[in-house]
Amino acid sequence: MRLRVFTMFGFLGVVLTVAVAGCGGGGGSGGPSITIGAARVFTLAGFQPTRTVMPRHPTTISFTVTEPSGKPLTSYKTGSGPHTGVHLIIVRDDLAYIIHEHPPVGRGGLLRQTLTFPAPGPYKVLVDVYPDIPGGQANFQLFKSVDVAGAYHPRPLARFASNQVVGGYHFSVQGGRPVLKAIQAQFVTIDVRDPRGRKVNFVPWFGALAHAIFFHQGSLDYFHTHVCGPGAPNCTSILGATRVSGSSTAPGKLTIGVLLPVPGTWELFLQAKLGGHIITAPYTLNVS
C-alpha cells in the first residue's frame, strides 16, 4: 500500500510502503490472517456542490471538517498571522486560474463560501485547515474536485518572466530567474510598484502582507508560504525539519520564502492586496 502524506504548514510528499505477510507453516496449514482496519482520519462531510456547476455564475461551496471521532471540527486557530482558520484554495487542473478565500466557521463547524468559477474545466478544491486541538495535528489539507460546465481548453503555463504587469502593478524579480532546489529553504525578492511607478505600501490580507501559493504542474502538489511584517507571529512554514518565512522590510519589497518538496515545474501564485484589490502575479518556476 502506497500512501502520500500531507503534513503541517504545507505539503510533504512521503511515500510509505506497508508489507503484510503471513507466516508459512508445514502440514498444508495456511498462515495466520491479518486484518487492518480503516485509518481514523479527518474528512470532509456534506461537501457541496456535488454536481457540475456553471462558469461565471455564483456558486456556494459548503462542507464540514469531521474529526477522526466522527464529530464535526468546531475549534479553529484564531488570532493574528495567517495560520488560522481555513484557507479555501481552488485551482483549475492546468493552473490557469486560482481562487483563494477564508470561509467563516458557522454553527456546528459548517463552512460556507460563495464564489465564482471563471471558466469551464476540472478544478481541485484544497481545504487547508488550522485546527485548535491541544496536542493534536497543527495543520492538514483535505481535497475535493469540482467540474465546471463547458468546453475545457487546457492552457500551457507561461514561460518565466522576471518583469510583468498585473492590474497596472509592476512586479520585478530581482536577479532574474531564480535557481531553486527541492527541500531547500531559499528566498526570492520581488519589487512591486504601482501604476505610477511608486513603491507600494503593503497591507495585511488574511493575516499576511502577501501569500505565496505553489502548485506542482500535473500532480498539483501544494505548498504555501507567507510574507509578513517584522515580528509578525504565525508566519513560518515547515517542511520536515526545515523552516522558512518571508518578510517585507521596506515599501515595495517582498522577500518570499520558497521551500518545495519535490523537483519539477511549479506555478507560484503571488497574491497581495494592492489599491483595495487582490492582485495575483503568476510565476512558472523550475525546481531541480
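**Note on the predicted model: aromatic pairs, cores and salt bridges**

1. Phe42 counts as buried, at 14% relative accessibility; buried here means under 20% relative accessible area, exposed means over 50%, and partly exposed is in between (1.4 Å probe, protein chains only). The model is a predicted one, in which local features need pLDDT of at least 70 and side-chain atom pairs count only at pLDDT 80 or more, while totals for chains, interfaces and linings use all residues. Residues are numbered from 1 along each chain as its sequence is written, and side-chain values use heavy atoms, with hydrogens and water left out.

2. Overall composition. The protein has zero helices and 20 strands, taken as DSSP runs numbered from the N terminus (helices H or I, at least four residues; strands E, at least two). Of the 288 residues, 45% are buried. Among contacts (heavy atoms within 4.5 Å) with a separation of 6 or more, 60% join residues 24 or more positions apart.

3. Aromatic pairs. Rings of Phe, Tyr and Trp (its six-membered ring) are paired if their centres lie within 6.5 Å, and planes under 30 degrees apart count as stacked, over 60 as edge-to-face and the rest as tilted. The count by this rule is six aromatic pairs. One of them is the stacked pair of Phe42 and Phe140, with 4.3 Å from centre to centre and 25 degrees between the planes. Phe42 sits in the loop between strand E2 (15–17) and strand E3 (43–48), and Phe140 in strand E9 (residues 140–148), so this pair ties together parts that are 98 residues apart in sequence. Phe140 is buried, with a relative accessible area of 4%.

4. A tilted pair. The ring planes of Phe215 and Tyr222 stand at 45 degrees, with centres 5.4 Å apart, and the pair is therefore tilted. Both partners are buried: Phe215 has a relative accessible area of 1%, and Tyr222 has 0%.

5. Nonpolar cores. A nonpolar core is a set of buried Ala, Val, Leu, Ile, Met, Phe, Trp, Tyr and Cys residues joined through side-chain atoms within 4.5 Å. The largest has 35 residues, and Phe171, Ile190, Phe214, Leu274 and Tyr283 have the most contacts inside it. The strands that each supply at least two residues of this core include E11 (169–173), E12 (186–193), E19 (264–274) and E20 (277–287). Leu274, leaving aside neighbours within four places in sequence, contacts Tyr169, Phe171, Val192, Val200, Phe202 and Ile279. Apart from this core lies another, of 25 residues, among them Phe63, Leu115, Phe140 and Val148.

6. Salt bridges. A salt bridge is taken as a side-chain nitrogen of Lys or Arg within 4 Å of a carboxyl oxygen of Asp or Glu, and a search of the whole structure finds three. Arg92 and Asp94 form one, with their closest N and O atoms 2.7 Å apart; Arg92 is buried at 3%, and Asp94 is buried at 10%. Asp191 and Arg193 form another, with 3.0 Å between the closest N and O atoms; here Asp191 is buried at 16%, whereas Arg193 is partly exposed at 30%. In the bridge between Arg198 and Asp194, the N to O distance is 2.8 Å; Arg198 is partly exposed at 47%, and Asp194 is buried at 10%.

7. Gln164. This residue belongs to strand E10 (residues 163–166) and is buried, at 18% relative accessibility. The side chain of Gln164 reaches the backbone oxygen of Pro282 at 2.8 Å. Beyond neighbours within four places in sequence, the residues in contact with Gln164 are Tyr169, His170, Phe171, Pro282 and Tyr283.

8. Gln113. Strand E7 (residues 110–116) holds Gln113, which is buried with a relative accessible area of 15%. Gln113 and Phe63 are 50 residues apart along the chain, with their C-alpha atoms separated by 9.5 Å. Contacts of Gln113, leaving aside neighbours within four places in sequence, include Thr59, Thr60, Ile61, Leu88 and Glu101.

9. A charge over a ring. Arg155 lies over the face of Tyr97, at 5.3 Å from the ring centre; the criterion is that NZ of Lys or CZ of Arg is within 6 Å of the ring centre and within 35 degrees of the ring normal.

Notes. A polar contact is a pair of N or O atoms within 3.5 Å; within protein, one must be able to donate a hydrogen and the other to accept it, and residues adjacent in sequence count only if both atoms are side-chain atoms.
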